[in-house]
Amino acid sequence: MSELLDFWWEWLPSLLNGLAVSVAVTAVSLALGIPLGLILALAVQSKKTAPRTIALVAVEIGRGAPALILLQFTYFGLPNAGLALSSFASASLALAWCTGAYTSEIIRAGLEAVPHGQKEAASAIGLSGWDALRYVILPQGLRVSIPPLFGFSILMLQASSLCFAIALPELVSQAYIIGSNTFRYMSILLLAGLLYAVICIPATMAVSALERRLGQHAH
Amino acid sequence: MTLDILQAIAAGIPWTLALTAVALVIGAALGQPLCAMRFSRWSAVRFLASALILTFRSIPPIVWLFFIFFGFGSGYLQISPFQAAAAGLGLITAANMAEIYRGALAAIHPGQWEAAFALNLLPRHRFLDVIGPQLLRVALPSGATYAIGLLKDSAISSTIGVSEIAFQAYHTSQRTFHSLDVYAIAGLLYILISLPMASLARWIDIKLRARVAR
């Protein structure tokens, strides 16, 4: 047992470096993807055909294709079209696309939860469409979307592990490299799994507590 | 050229479908005792079930697959990539199915249990004839959504060498250098497979609903 702890202590810094990359790529993807999700949610509801069609296609591909394929498409595929990105940039791009597609559905559900009377009241007091959206609809709709957006963020940290496939030195890549150097896959993967669990289990419990608290006053 | 690529990638379809089906069957079966444990009269069992479900869902699938394939596979016992992927995805599915069953149980009206008790049905009949059929109907839409998610998650098994769609796509792109087309085709293929899955689930849902419609 103490031998295992020594082994873990020796390699923990490398894994933490990997974890920092995982967290960074997740943060960048969420920072780009959630605003994209808001734009897509609004575009899908648009009355004009062109933005609606483009948004629908972007959402359906982002949700329908596996995240792994999106990652490989941006990393291995885009250079063929003359756009060679680093593994971090292509990971951020692919995961932001994925985030935008999934969060657009979460945000749309939040916007649809705003009672129709609010829109009528906004136009009755003479707010323009943009002001009604900014001051009336979004503040109420986004509040509903917050717990599921947190839940999705936890899933994105887990999805960042797929960046292993495009040689991004994140947590799983580090664990795999250490495993192949020391031939102690089980010990190092156990530690990598523990690091994910230490972050994701409390975060998941916090999100369900938040959902319960917000749900108390919903009815 | 496109036809060649399509043909090469399509060789992975049976493996993708087989892996999704096997993981789903394992998960749907193991999810039942896991869900039952959450309703146990002993708090230790309830805690164990919650801890297992939370752990399976909090560690990324790729870590489970590596853990089973490289961790167990190198030394302890000989397992093929397919077996490792089916076991890993099956366990994660079991945790998610347990939550889906729990949600469905909560949606069944308590009066159904009371009526089954009042009719003095045996526990077996109470479940098989009264609760089970309703549970199936309520759990089906979320189960189908999960199955489509699982189809996409099965792509992860390419990293341990299961020769499914993502694996074929990777090797085709390495061989032909037409990576852009290859991954676009692979992505569309996953979407094309999930479409009939979604409409089949909708069709079954409508059929099951029609049976109880008044």
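The model is a predicted one, so to speak of local features a pLDDT of at least 70 is needed, side-chain atom pairs count only at pLDDT 80 or more, and totals for chains, interfaces and linings use all residues. Residues are numbered from 1 along each chain as its sequence is written, while chains are lettered from A and ligands numbered from 1 in the order in which they are written.

Chain A has eight helices and zero strands (helices are DSSP runs of H or I with at least four residues, strands are runs of E with at least two, and both are numbered from the N terminus). Its C-alpha atoms fill a box of roughly 70 × 50 × 25 Å along the principal axes. Of the 219 residues in chain A, 42% are buried, a word that calls for 20 or more other C-beta atoms within 10 Å of a residue's own, with C-beta atoms placed from the backbone.

Within chain A, helix α1 (residues 2–44) packs on helix α4 (residues 87–112) with axes 5 Å apart and an angle of about 45 degrees. Here axes are lines fitted to C-alpha atoms, for helices over the stretch in contact, and angles between N-to-C directions run from 0 to 180 degrees. That angle makes α1(A) oblique to α4(A) (under 35 degrees is roughly parallel, over 145 roughly antiparallel, 65 to 115 roughly perpendicular, and the rest oblique).

Over in chain B, the axes of α7 (residues 123–153) and α9 come within 10 Å and cross at roughly 175 degrees. That makes α7(B) roughly antiparallel to α9(B).

Next comes the core. The largest nonpolar core has 113 residues, and Leu71(A) and Ala186(B) touch the most other members. Such a core is a set of buried Ala, Val, Leu, Ile, Met, Phe, Trp, Tyr and Cys residues joined through C-beta atoms within 7 Å. Its largest share, 13 residues, comes from helix α5 (residues 81–107) of chain B. Setting aside neighbours within four places in sequence, Leu71(A) is in contact with residues including Ala91(A), Leu162(A) and Ile166(A); contact asks for C-beta atoms, placed from the backbone, within 7 Å.

Finally, the chains meet: 29 residues of chain B are in contact with 31 residues of chain A. On the chain B side, α3 (43–58), α4 (61–72), α8 (165–176) and α9 (179–212) each supply at least two residues, and α9(B) gives the largest share, nine residues.

Methods: Contact = placed C-beta atoms within 7 Å. Buried ≥ 20, exposed ≤ 12 C-beta atoms within 10 Å, placed from the backbone.
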